[in-house]
Structure formats: C-alpha cells, structure tokens
Amino acid sequence: MAEHNTPQFQVGQTFENHPFQEGDGAMLELFRNDLPNLLYVGLSNITADEQTLLGQSGAQLGLVSSEKGGCLLVVSFGDLAFEMQFNSSAIPDEYFSLSEDNTLSVSMIAVDTATNLLCAIREFTLPEALSRQFIEVAKTQRELGDVNVVNVENMHLLNSLTPEALQEKMEFHPLQSVVAAPTCGCGHHHHHNHAH
C-alpha cells in the first residue's frame with residue numbers, strides 16, 4: 001500500500017503540475033491510493049465572476065457510460081460546464097485501490113492555466129447513486145485492462161451522442177459541498193461565552 005499523502009493546496013499558490021498543458025478542461029481522478037480523489041479544472045485567464053462560480057456556486061456532476069466501459073462526465077458550476085472522459089485504467093496497478101465507499105469524496109482544484117495559479121479549492125461528497133456508478137464503471141474499465149481500449153470506448157460513446165443526446169441521457173447529481181469548520185471568533189457553534 002503506497003503512503004497516502006494528501007497534498008496541501010492553498011488558493012493563490014502556483015501549481016505547475018496540472019494536467020492542462022495542452023489546454024483548458026477538466027479531469028477527474030478517482031481510486032488512487034497515493035492521492036485523494038481529485039477533480040482538476042483548468043481555465044485560462046479566469047475572471048472574477050468565473051472564480052466566484054468555481055469557488056462558491058452549486059456544483060453538479062453527470063455521468064453517462066456504455067456497457068463496454070466507456071464513460072463521459074459533465075461537471076458544472078453555475079453556467080460553467082466541462083465535459084471530460086473518465087478512464088480509471090490509466091492508473092498503474094500499484095496505485096489503484098477501488099473504494100467500495102458509497103459516498104465518495106472529491107477535492108476540486110481550479111487552476112488558471114495562463115498563470116498556473118490556484119484560484120479555487122473545494123471539497124465535495126458525491127451522492128450514493130453517483131458513487132456506485134463510478135465504482136461499477138471503474139470495475140468494468142479495470143477488467144478491460146488497457147488504457148487505449150478504454151479510450152476507444154470513450155470515443156465510441158462520444159461519437160455516438162450529439163451534445164443534445166448527451167444532455168438528455170445524463171442524469172445530473174448535485175455535489176454536496178463539505179464546509180470546513182469555521183475558524184472565526186463569532187461565537188456561532190463554538191460553545192464560547194463572549195463576555196461583552
């Protein structure tokens with residue numbers, strides 16, 4: 001079992017090692033035993049409005065899959081939407097560890113690809129139905145055992161659906177934001193008595 005080190009990310013830090021050297025988009029990586037479940041979002045020259053959407057708006061994730069292991073996802077933050085392929089067979093065997101947890105958690109990292117600055121970090125819990133879909137898709141993809149075979153299945157699925165059909169087939173699930181415990185001294189839920 002590899003050591004599970006959760007990287008410490010902070011908004012405003014430079015993040016060079018992101019998967020968007022070729023352009024903008026999104027990528028979801030689940031079931032690695034050396035990293036938390038990560039949703040990377042990359043956009044060039046993020047505006048203040050986009051940063052607010054990424055950092056605060058309601059998030060939804062939709063999944064459509066084929067029996068042969070193809071899997072396409074759409075993640076949306078307000079009116080920002082990112083389509084991506086999901087391929088769990090890209091993870092080397094020694095780093096792959098399928099969780100049977102019915103409520104997967106995912107950390108989202110949004111990067112401005114023009115500056116490599118982290119502009120939003122959020123923690124989400126996936127609904128049970130969506131978590132189970134991911135577990136089933138990952139099992140099918142790992143049985144195929146070849147990253148290229150899964151890529152071909154993803155392309156088949158992509159080419160067989162118009163954007164409209166994709167939207168129709170895809171069931172969107174709201175992502176539950178995990179809110180960090182407040183660290184302010186406002187007295188709410190902290191059980192301190194403020195003497196005034």
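Visitor: What is the relative accessible area of F31?
Guide: First, this is a predicted model, where local features need pLDDT of at least 70, side-chain atom pairs count only at pLDDT 80 or more, and totals for chains, interfaces and linings use all residues. Residues are numbered from 1 along each chain as its sequence is written, and side-chain values use heavy atoms, leaving out hydrogens and water. F31 is buried (under 20% relative accessible area, with exposed over 50% and partly exposed in between; 1.4 Å probe, protein chains only), because its value is 2%.

Visitor: And what is the phi of F31?
Guide: F31 sits in the loop between β1 and β2; strands here are DSSP runs of E with at least two residues, helices are runs of H or I with at least four, and both are numbered from the N terminus. F31 is not a glycine, yet its phi is positive, at about 65°.

Visitor: N45 has a positive phi too, so is it buried or exposed?
Guide: N45 belongs to the loop between β2 and α1 (48-56). Its phi is about 55°, although N45 is not a glycine. With a relative accessible area of 54%, N45 is exposed.

Visitor: Which residue's backbone oxygen does the side chain of N37 reach?
Guide: N37 lies in the loop between β1 (25-29) and β2 (38-43), and it is buried at 14% relative accessible area. Beyond its neighbours within four places in sequence, its contacts (heavy atoms within 4.5 Å) include E29, F31, L104 and V106. For a polar contact you need N or O atoms within 3.5 Å; within protein, one must be able to donate a hydrogen and the other to accept it, and residues adjacent in sequence count only if both atoms are side-chain atoms. At 2.9 Å, the backbone oxygen that N37 reaches is that of S105.

Visitor: Are the rings of F15 and Y40 stacked or edge-to-face?
Guide: Rings of Phe, Tyr and Trp (its six-membered ring) pair if their centres lie within 6.5 Å; planes under 30 degrees apart are stacked, over 60 edge-to-face, the rest tilted. That rule gives four aromatic pairs. In one of them, the centres of F15 and Y40 are 6.4 Å apart and the planes are at 15°, so this pair is stacked.

Visitor: How many residues apart are F15 and Y40?
Guide: Both F15 and Y40 are buried. F15 is in the segment before β1 and Y40 in strand β2, so the pair links distant parts of the chain, with a separation of 25 residues.

Visitor: Which helix holds F134?
Guide: F134 makes an edge-to-face pair with F86, at 5.2 Å centre to centre and 70° between the planes. F86 is buried at 1%, and F134 is buried at 0%. F86 is in the loop between β5 (80-85) and β6 (105-112), so the pair ties together parts 48 residues apart in sequence, F134 being in helix α2.
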